[in-house]
Amino acid sequence: MTPPTIDDAVAAFVACEPGDADARRRLREILWSVVCDRSLASEARNALADAVALLDDPAAFAPAAEASSLVLLRLHLEVAVDRLEMAAAGGATVNGSARTPTDGAPGGAAVATWFEIPGDADGALIGDFVGEAHEFLEVAEAALLRLEGAPDDAESVNDVFRAFHTIKGTSSFLGLGAIASFAHHAEDMLGRVRGGELAFTGTVPELSLRAVDQLKALIAAIPAARAGGVELSPEYAVLIAAMEDPLAVPASPATPSAEARAAAPAAAAPAPGLPEGTVKVRAEKLDRLVEMVGELVIAHGILKETPAVQDASQQELTQRVLQADKIVRELQELALGLRMVPLRGALTKLTRIVRDLAARSGKQVVFETAGEDTELDRTLVDLVADPLMHMVRNAVDHGIETPSERLAAGKPAMGTIRVEARQAGDRVLVRLRDDGRGLQRSKIIAKAIERGLITSGEGMPDAAVFELIFAPGFSTADAITDVSGRGVGMDVVRRNLLAIRGRTLIESEPGKGSVFTIELPLTLAITDGMVVRVQGERFIIPTARIRRCVRPAPEMLRTALGRGELLQQGGEVLPLLRLQRELRIPGPSADLLAGILIVAGDGHNRVALHVDELLGQQQVVAKPLGESIGRVRGLTGGAILGDGRVGLILDVDELVQASRSAAPAPPHAAPHAA
Amino acid sequence: MTAPTVETRTPGRNVEGKYLTFILAGEEYGFEILAVHEIIGMLPVTPVPHSHPAVRGVVNLRGRVIPILDLRKRFSMPPGDVPETCIVVLRAGPQLLGVAVDAVTDVRMVRADEIEPPPLFGQEVDVSCLLGIAKSDGRVRILLDAARVLSMEPLASVPVPADIA
């Protein structure tokens, strides 16, 4: 008797009717013998092992969970088949959807010819996907055109790869099998280019562009596919075959791109409209508007200070200026508010994703959100949406255990994922907490060693181990599923956040769960600031970072080791930092007792800042100091003060650091001659 | 903080064109007019601690924060007796940078045959920012390479003087 193959497994899966436990047992037996075949690609075996594990979970096939478990099972099988196909050229292909009329017969190479979307698909999510996919395809197209001039541009290859990758991931998640399968092939081809296995020459550029065109056509066909299905164009199958082996295709393809477009599903539909009463505005126009309003506010401020307006005898003029003043201030608030959007939208989207993912993986998850009204600059909301999506997927896929595992571990069968957003000082924190199994240190280390990221995990602190998740090319998924992606992503997420001085923090406790925190600066948003005077200069301290202000008395002041100054108050001892000295402002050394101490920072990271005077509170919009100056120690940027001059915004965290280092030389300032 | 991608020109060649001329410490200088974004009167400057000594500070240019460069310090000249009167705002890509000057004098056409390559003053004078020397109607004008002046890459590597303790 010949050992069963993956084709037998697919056939057995097709025979699995809901409720047929015997058919499932047969499938499991076949899968198990395939898994034991060590000659198969390990990634395919992993996927099959996942399928076996799923079949072994009795909870997964309870009547309520069965339908989603079968879908998940199909996903595992598809991944396995794909992997095998990649490993051995000319392998069998499983159709993108079990519902397609031309379902692949075991052993035969079959590519979908029919595109249909299940009636219960979520219209809103698909609408989002269409918009997102269009953007990605534009980016990919631009990158492909750049590549024609510079075929070695790795960044452009990455752009194209990411576009295909993201479309694949999202469409697979939404059940758009035909799109997912096509994008998957396109991604594979670009993946080979990215890995240096394939040169971006010959037919590859042409195929890539045609793939972009085909994806556009497929996306345009979504409405028809939802309405009952649509025949896929011949180009679909031609391209899939060509992308599998680009070197085998003659350099000038028989089907030019324009023709392909014509042959594509004809049912093109206009892009879904925006919600009623909403207008799309280019972000740079908005920025310019905000800038101009700022200009108006300042010009108006100067007008208000003009002697003629101040003149008591000019009552009418004064009154009219004051009236205009009110309008200007309201306008400013409105303009600044235009760019601020609540996080609600980003969080709501997650609810649905968690639900669907949990259903697919046979897990039970309660999803809670808090702080949906926290406002962020819209560019930041976009930046936080991606990492959140990744983290939620990770939490469901890898964090939360199956109900049986949870019960065995003495936890409630129902897992909890909680996302909360809040403003903490001049930063916004978005925290994702799950009560799953926690990050598995040994697994991460093993994977990192396998990927050549580290040679040994010996003595590495947990935090450093968890950081490895963000390394390029890393994925903790044992089995690579369509849903959790291939480990592109987290490094990109990290890079995007770093670009705006955001941070990601991971805390995890084995068996208890993990906490992922995304920390964003508020630099693009409005900050409440305390304006302080140090000698002749004014600085802004974000009000939210200020704990209290203290007028110093002699008994509060201490010195340590004869030099470090300390504030001792209420049983608490804090380092004292003279801003004049720290900021190198010339002038006579001020008397500590004559000034004010501002206690700023959080928790253990606090410092008492000595300033000469508090000048008052002001709302400010933080702006960068200009590229020529770059990052300056102790400052987060500048803001326009009421009189039109620039005030510098102090970076409380860095001042805390400065107060701690005994040596005056900071790590990232220019070398000191001292 | 990347250097602007403006092509650095070879001194003495291909520098014919219109120049904005200005006075600094009694000498006349010129910037290529194409690099000049605008000229504004002197604005109150906010000094930026821990930044490069040649950075005078930042100003509010209609709601935008831009750095102001001290050309005297950039060229290691002694400080002036009278405060500068205007700021020449230079542009390289999206980047703006102001240069404080004593006075703006003229916009004039400088022909190639009037331009001589910059002399070698010796090692203590930085000539990398000079395009050439223009001689016409009995006067000498020093033509500056705006892209080099804007480039803070070499600036950032200059050591910062000791702390004021």
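Student: Good. And where do the numbers come from?
Tutor: This is a predicted model, where local features need pLDDT of at least 70, side-chain atom pairs count only at pLDDT 80 or more, and totals for chains, interfaces and linings use all residues. Residues are numbered from 1 along each chain as its sequence is written, chains are lettered from A and ligands numbered from 1 in the order in which they are written, and side-chain values use heavy atoms, leaving out hydrogens and water.
Student: OK, which sense does β19(A) take with β20(A), parallel or antiparallel?
Tutor: Antiparallel: strand β19 (residues 635–640) of chain A joins β20(A) over 5 bridges. Within β20(A), A:I649 is the bridge partner of A:G637.
Student: What's in the hairpin of those two?
Tutor: There are 5 residues between the strands, and A:G644 has a positive phi near 90 degrees there.
Student: How does β11(A) pair with β20(A)?
Tutor: Strand β11 (residues 537–542) of chain A runs parallel to β20(A), with 2 bridges. A:F539 sits opposite A:L648 of β20(A).
Student: Why call β20(A) largely enclosed?
Tutor: Because 5 of the 5 residues in this strand (646–650) are buried; buried means under 20% relative accessible area, exposed over 50%, partly exposed in between (1.4 Å probe, protein chains only). One side has A:V646, A:L648 and A:L650, the other A:G647 and A:I649, so both faces are covered.
Student: New topic: which residues of α18(A) are buried?
Tutor: In this helix (residues 441–450), they are A:I444, A:I445, A:K447 and A:A448. They span an arc of only 165 degrees around the axis, which puts them on the same side of α18(A); the arc is that of the directions from the helix axis to the C-beta atoms.
Student: And what do they pack against?
Tutor: α19 (462–467) of chain A. A:S442 and A:E450, on the other side of α18(A), are exposed.
Student: Now chain B: where is B:A25?
Tutor: B:A25 is in the loop between β1 (17–24) and β2 (27–32) of chain B. Its phi is positive, about 50 degrees, although B:A25 is not a glycine.
Student: Is B:D137 buried or exposed?
Tutor: B:D137 is exposed, at 55% relative accessibility. B:D137 also has a positive phi, near 30 degrees, and lies in the loop between β10 (130–136) and β11 (139–144) of chain B.

Conventions. Helices (H or I, at least four residues) and strands (E, at least two) are DSSP runs, numbered from the N terminus. Contact means heavy atoms within 4.5 Å. Two strands pair if DSSP finds at least two bridges between them.
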